[in-house]
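Thanks for coming. I will go through one model this morning, starting at the surface and ending with the aromatic rings.

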Amino acid sequence: MNDTLMRHLRALHRLGPANNDHLSALRVAVSVAVPSLALLFLGRPELIIYAVFGALTGMYGRSEPHQLRLMHQAQAALVLLSGVGVGIFLSVNHLHSWWLVGVEAALAGVGSVFSDRVNLKPNGPFFGILALGACASVPTTVPWFAALLIAAASAAFSLVIGFGGWVRGRTWQPGAVRTATPLLGARKQAAMIHAARYVMAVGAAGAIGVLSGSGHPHWAMAAAAVPLAGADLPSSVHRGLHRIMGTFLGLVLVAVVLLPVPWAPLQAFPGAEAAVLAVLVIVFQFTTELFMTRHYGLAMVSFTPVILLMTQLAAPADPYVLITERAVETVVGAAIGIAVIVLVRRRRRTS
């Protein structure tokens, strides 16, 4: 028992092997930087949130050959743009609170089935429902189609960046497809159970967020989805704990940036606060991808500022409230996700 416990504790801080992470991180950083800086140059930093979620397309298929990466990222773009589109729809029509909870929980289940069917990596609908909640929570200051077009153009640019290295070899394998086993028999049943867990966890976390009066219940819903991407119970618990620890450390960075203290970066560049936040989003997204497959907790240290800083660009809020609610919602969501995993066991997948 003690040996097992110590093994799990060591796994919490173990750094996985490197696998050309800097190349993938650079691709994602460029995918985020170009549309974000373009919007900053045009004087519309509040729209960067849509560009960033489109650019997250570049996080998928990081180690696959270019031909398969293109296919993989196109599938991921569908998930991300669906989340952005639904979030924009909710925002434009002022459908918040319980509407957000119901719609996001339902799409978490649909996204889970799709992710299992096409074998998305990173797996699960996390980034899609994160995009949905974030876009639904900020006011849409341009026509809905313009906001969606920004996300789509950013996703398309990510596809180009991800495929760009093909020009070196220019090899194409006719008929090559990504490995994805059809959802039949026991695998279909496992996928349905997995999707049900997403609906339960995301819905419960969102309900608690709404009932508690939180201004950002979608953060709890996203945090609840994180443990569900684990392959088994220990890895799911590890992801939940990494989410909590990484978020808390990331909030320290957010506090350094946003709190009105003399040594904060924003105080050093009066009048250029939006530019500083935009550049920091790009930098933190690079470090997020650098550690995403090696240590989820370290990746969350950087990803937390990405989400909060671009949210601040889209809809400025009291940083004290922003930081507090993020901390509380993360703990609540991750705890609910872990609880659902323990209560609703998933059968082993069969090929």
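A patch here is made of residues with over 30% relative accessible area and no salt bridge; like charges are joined within 9 Å, and nonpolar side chains (Val, Leu, Ile, Met, Phe, Trp, Tyr) within 5 Å. Areas come from the Shrake-Rupley method with a 1.4 Å probe, and for residues only the protein chains shown count as cover. A salt bridge means a side-chain nitrogen of Lys or Arg within 4 Å of a carboxyl oxygen of Asp or Glu.

Two remarks on the source. This is a predicted model, in which local features need pLDDT of at least 70 and side-chain atom pairs count only at pLDDT 80 or more, while totals for chains, interfaces and linings use all residues. Residues are numbered from 1 along each chain as its sequence is written, and side-chain values use heavy atoms, with hydrogens and water left out.

First, the surface. Leu37, Val279 and Val283 make up a nonpolar patch there, and together they have about 230 Å² of accessible area. Leu37 belongs to helix 2, residues 21-41; helices (H or I, at least four residues) and strands (E, at least two) are DSSP runs, numbered from the N terminus. I call a residue buried under 20% relative accessible area, exposed over 50%, and partly exposed in between, with a 1.4 Å probe and protein chains only. Leu37, at 40% relative accessibility, is therefore partly exposed.

Now the charged pairs. How many salt bridges does the rule give? The count is two. In one, Arg44 pairs with Glu46, with the closest N and O atoms 2.5 Å apart. Arg44 is partly exposed at 29% relative accessibility, whereas Glu46 is buried at 17%.

The other salt bridge joins the side chains of Arg62 and Glu289, at 2.9 Å from N to O. Arg62 sits in the loop between helix 3 (48-55) and helix 4 (66-92), and Glu289 in helix 13 (residues 273-291), so this pair ties together parts 227 residues apart in sequence. Arg62 is buried at 15% relative accessible area, and Glu289 is buried at 1%.

On to helix 14, residues 296-314. Its 19 residues should span 27 Å at 1.5 Å a residue, and the end C-alpha atoms are 26 Å apart, which agrees; the expected span is 1.5 Å times one less than the number of residues. Of those 19 residues, 18 are buried. There is also a kink of about 30° at Ser302, shortly before the proline Pro305. The bend at a residue is the angle between axes fitted to the seven residues ending there and the seven starting there.

Last, the rings. Rings of Phe, Tyr and Trp (its six-membered ring) pair if their centres lie within 6.5 Å; planes under 30 degrees apart are stacked, over 60 edge-to-face, and the rest tilted. That gives four aromatic pairs. Phe127 and Phe303 have ring centres 5.9 Å apart and planes at 85°, so they are edge-to-face. Phe127 lies in helix 6 (residues 126-137) and Phe303 in helix 14, so the pair ties together parts 176 residues apart in sequence. Both Phe127 and Phe303 are buried.

Trp144 and Phe145 also have centres 5.9 Å apart and planes at 85°, so that pair is edge-to-face. Here, Trp144 and Phe145 are both exposed. Finally, ring pairs link Tyr60, Phe126, Phe127 and Phe303 into a cluster.
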